[in-house]
Amino acid sequence: MIKTFSDKGTGIIEDVVINHKNGLNTWVDFPDETSGSYTIKWDNTSFSGICVTDECNKNGYTTTGAKDTGDDFEGYRDLDHTNETVQKNVKTYLDFLLKELGYAGFRYDMVKGYSAKYTGEYNATAKPTYSVGEYWDSDKAKVTTWINSTKVDGKIQSAAFDFPMKYNINSAFGGGNWGALANVMLSNDKNYARYSVTFVDNHDTFRENDKLKTNICAANAYILAMPGTPCLFLKHWQSNKGTLKRLIALRKAAGISNESEILAAEKLGDGFLLSVQGSIGKLRLHLGPVGDVAFANPVDMWTLAIEGKNFQVYASKDVDLTAMKAITDTDASPEDDTPVEIPSFCIVNEGETCAFFVAPKSWGSQIKCYRWDQQYNYTNTWPGVNCEKLGEDSKGNTVWKWTLKDSDKKSQSSTNEGIIFNDGTNQTADLAAAITAKTACRV
């Protein structure tokens with residue numbers, strides 16, 4: 001798979017987890033590994049590769065490594081990166097990933113857990129094409145300190161995810177605080193934009209995806225118009241592929257890069273204005289309920305390239321929109337305020353408590369429902385009970401029905417309530433549902 005993508009000009013980045021490691025049978029027994037000419041061996045006698053501050057020392061094990069050089073992680077054993085064997089094993093592993101498996105670069109997990117200088121040293125030895133660290137913190141100063149601390153011979157060795165931007169995205173797109181997008185972050189600092197990897201959501205933050213209040217396309221329009229290196233979340237791509245493809249094509253057409261110049265970033269009416277100069281032309285992004293606004297430049301200098309819920313992107317006249325307009329893909333889950341069609345076959349029988357769900361086309365062949373409140377679980381255990389497939393709506397989406405059965409109702413205690421539809425992999429957010437009504441119907 002990696003070779004196939006590589007042959008097509010796409011590099012694959014490996015998720016490198018070297019802050020912590022799990023034992024094979026116990027908390028501390030790391031297995032030795034050999035693959036071809038690559039061999040990794042651990043000290044499973046005195047456990048010198050595990051930090052002496054690791055919590056296993058309070059749970060029946062004794063390690064002899066140095067104190068942790070970063071934050072403690074209580075999920076698994078914290079590796080002691082001052083230890084020569086640990087350093088050798090990490091370098092062997094990284095070399096294996098690049099030269100044997102063909103990866104192009106690394107995404108370092110939980111880099112708060114060990115000193116940044118080790119990421120720098122590992123990259124200086126391995127020489128990946130690209131590197132990004134997961135320094136999860138809203139404080140820009142802390143993230144930039146980590147970036148600077150990866151220097152080897154005065155050269156920064158890794159980019160970092162722009163978590164300060166992520167917190168501002170949540171505030172703006174989830175809370176209507178559009179001015180938050182003018183706050184400090186990596187990508188609006190000309191000294192750090194080239195080291196900024198911007199994102200709307202990832203596999204961790206998506207667990208609270210209601211923070212965006214469904215402004216998925218608008219938030220992606222923002223990172224795709226901004227400096228920095230944008231990273232799109234797979235679930236967003238699957239649900240809004242048409243819109244995201246056009247936004248990517250528009251970014252390329254304007255020549256926006258991780259070192260482009262921000263011309264304006266400010267509140268505009270009740271929303272926000274972003275204007276960025278690319279190597280070919282300019283993009284002007286309106287976010288939120290901006291309404292009718294007066295352009296600082298004559299309107300005939302701009303073309304409305306693409307718009308959607310809470311966003312409009314204008315391109316200067318020197319931007320060629322041909323490639324963007326040629327994209328014919330559609331969104332599986334369009335974000336609009338069009339009233340939901342309720343097909344005639346969605347019938348609520350007398351005395352029945354039920355819910356209807358229109359599944360995105362990209363979802364699997366069996367939809368399940370998980371429903372609970374503070375006293376009961378009405379669908380047994382996660383991922384819930386199978387829904388009944390009723391048919392297709394006018395857009396070709398499958399419509400499913402969940403009906404409450406007393407046999408599925410279990411007593412339980414919870415601090416909240418809601419309903420979730422899923423296919424075992426994809427799932428909705430925690431949706432509101434009124435189960436007290438005898439004829440509750442939700443689409």
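1. Basis. The model is predicted: local features need pLDDT of at least 70, side-chain atom pairs count only at pLDDT 80 or more, and totals for chains, interfaces and linings use all residues. Residues are numbered from 1 along each chain as its sequence is written, and side-chain values use heavy atoms, with hydrogens and water left out.

2. Length of H5. Helices (H or I, at least four residues) and strands (E, at least two) are DSSP runs, numbered from the N terminus.

3. Ends of H5. At the start of the helix, a side-chain oxygen of Asp162 comes to within 3.1 Å of the backbone nitrogen of Met165. After H5 comes Gly176, with a positive phi near 75°.

4. Burial of H5. Buried means under 20% relative accessible area, exposed over 50%, and partly exposed in between (1.4 Å probe, protein chains only). By that criterion 10 of the 13 residues of H5 are buried, among them Phe163, Met165, Ile169 and Phe173. The buried residues also include Lys166, Asn168 and Asn170. Elements in contact (heavy atoms within 4.5 Å) that cover these buried residues include helix H4 (140-149), strand S8 (159-161), strand S9 (196-199), helix H6 (216-225) and strand S13 (282-287).

5. Salt bridges in total. A salt bridge is a side-chain nitrogen of Lys or Arg within 4 Å of a carboxyl oxygen of Asp or Glu. By this rule the count is 13.

6. Glu55 and Arg77. These residues form a salt bridge whose closest N and O atoms are 2.7 Å apart. The pair links distant parts of the chain, 22 residues apart: Glu55 is in the loop between strand S4 (38-40) and strand S5 (77-78), and Arg77 is in S5. Glu55 is buried at a relative accessible area of 15%, and Arg77 is buried at 3%.

7. Lys140 and Asp189. In this salt bridge the closest N and O atoms are 2.5 Å apart. Lys140 lies in helix H4 and Asp189 in the loop between H5 and S9, so the pair ties together parts that are 49 residues apart in sequence. Lys140 counts as buried at 17% relative accessibility, as does Asp189 at 15%.

8. Network. Asp109 and Arg107 meet in a salt bridge of 3.0 Å, N to O, and both residues are buried. Asp15, Arg107, Asp109 and Glu134 are linked in a network of salt bridges.

Conventions:
A polar contact is a pair of N or O atoms within 3.5 Å; within protein, one must be able to donate a hydrogen and the other to accept it, and residues adjacent in sequence count only if both atoms are side-chain atoms.
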